[in-house]
Amino acid sequence: MLGSNGQVLEEGSVGNSRAALSELSGRYAKALIVMEAGCHSPWVSRHLEQAGREVVVSNPRKTRAIYQHERKSDRRDALMLARIARMEPALLYPVRHGSEEAQQDLLRIKLRDSLVRARVGLINSLRFTLKSLGYTIANPSTERFHKVIQSALPDSVVQMIAPSMQAIEALSLQIKLLDREIRTLAHSKYPETTWLEQIPGVGPITALYFVLKIGDPARFKRVRDVGAFIGLCPRRDQSGENDPQLRISKRGDAYLRRLLVSSAQYILGAFAPPKRFASVRTSTRGRRDGTSEKTCRGSCGPQTGRAALNCVEKQEPLSSVPPAAGKNEDP
């Protein structure tokens, strides 16, 4: 706790509970509370803000003076946070946490991803085990793996791997139930996800996670700022006449970035709808041949994505954009 002149008034630790935090903030009702973003920062910041306190959540990746100090410690980190916030809170690059309801919806998607990863790990371990015994399994879909493998192996081997097969079957069932819950949640509670699902390769999971992570779109001055928020913009290290082209920054949510890259790979891969690719080729060829833009639009079908982007730039509601036919699924 720093005073008005920067002197240390109090130093110590506090219990990570609502009662202890309320008692501490009650002693300094007009103080600015600063903390680093982490596992507990969402609920701690919401609890203190509900009590009427001013809270700043620092972005730890932006405070190099703290995490790269030659004598780093928790005591020194707290003192540096307090002194930086006293001088200029903007230097901490404050993080804005979402509501508790949005966090629960996000965690539902994250828990589904953990189940998918656990299922992939079990399938890979079974493949390696069976390969060492001389049994090569074909590449069925992940949902059908536990059904196909039983018919391709002798009974003695099937009995040996039965526990793993039962675990894979149970995980597949839970993942399917979560997929249904997420789809229902996205369409009933967040209707704006319907417009994002018009993009090929974007399903309810990608659309819902994108909407929840963006939160209030008005906090972005330009549409391009969303790419920087996700970490898809290139880094920069310019000095004098030297301005090299660097890779993307990879800042922000890694899972959201993985979902968007998967959707892009679906569009560019072999599973993309052929009609949409044919319309894109026709549009590009028409421009090269000097065909008017009106003719290209007629051959490309409805420009739903362009119209939605124009609505975002003009801050108009997306309800004015006509929906496209068909539904998409996450790749």
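Partly exposed means a relative accessible area between the buried range, under 20%, and the exposed range, over 50%. Asp 243, at 40%, is therefore partly exposed. This is a predicted model. The structure holds 12 salt bridges.

**Helix H1 against helix H2**

- Two packed helices are described by the angle between their axes and the distance between the axes.
- Helix H1 spans residues 18–27, and helix H2 spans residues 41–50.
- Their axes come within 10 Å and cross at roughly 45°.
- That angle makes H1 oblique to H2.
- The crossing of H1 past H2 is right-handed.
- On the H1 side, Arg 18, Leu 21, Ser 22 and Ser 25 make the contact.
- On the H2 side, Trp 43, Val 44, His 47 and Leu 48 make the contact.
- Sorted by class, this contact has 4 nonpolar, 3 polar and 1 charged residues.

**Salt bridge Arg 27 with Glu 10**

- Side chains of opposite charge can pair when their charged atoms come close.
- Arg 27 and Glu 10 form a salt bridge, with the closest N and O atoms 3.1 Å apart.
- Arg 27 sits in helix H1, while Glu 10 lies in the segment before H1.
- The two residues are 17 residues apart, and the pair links distant parts of the chain.
- Arg 27 has a relative accessible area of 44%, so this residue is partly exposed.
- Glu 10 is also partly exposed, at 29% relative accessibility.

**Salt bridge Arg 112 with Asp 179**

- The side chains of Arg 112 and Asp 179 meet in a salt bridge, at 2.4 Å from N to O.
- Arg 112 belongs to helix H5 (residues 100–132), and Asp 179 belongs to helix H8 (residues 162–189).
- This pair, 67 residues apart, also links distant parts of the chain.
- Arg 112 counts as buried because its relative accessibility is 15%, under the 20% cut-off.
- Asp 179 counts as partly exposed, at 23%.

- Arg 236 and Asp 243 meet through their side chains in a salt bridge, at 3.1 Å from N to O.
- Arg 236 is exposed because its relative accessible area is 64%, over the 50% cut-off.
- Elsewhere, salt bridges that share partners join Glu 10, Glu 23 and Arg 27 into one network.

Methods: Residues are numbered from 1 along each chain as its sequence is written. This is a predicted model: local features need pLDDT of at least 70, side-chain atom pairs count only at pLDDT 80 or more; totals for chains, interfaces and linings use all residues. Side-chain values use heavy atoms; hydrogens and water are left out. Axes are lines fitted to C-alpha atoms, for helices over the stretch in contact, and angles run from 0 to 180 degrees between N-to-C directions. Helices (H or I, at least four residues) and strands (E, at least two) are DSSP runs, numbered from the N terminus. Angles under 35 degrees count as roughly parallel, over 145 as roughly antiparallel, 65 to 115 as roughly perpendicular and the rest as oblique. A crossing is left-handed if the near helix is turned anticlockwise from the far one by less than a right angle, and right-handed if clockwise. Contact means heavy atoms within 4.5 Å. Ala, Val, Leu, Ile, Met, Phe, Trp, Tyr, Cys and Pro count as nonpolar, Asp, Glu, Lys and Arg as charged, and the others, Gly among them, as polar. A salt bridge is a side-chain nitrogen of Lys or Arg within 4 Å of a carboxyl oxygen of Asp or Glu. Buried means under 20% relative accessible area, exposed over 50%, partly exposed in between (1.4 Å probe, protein chains only).
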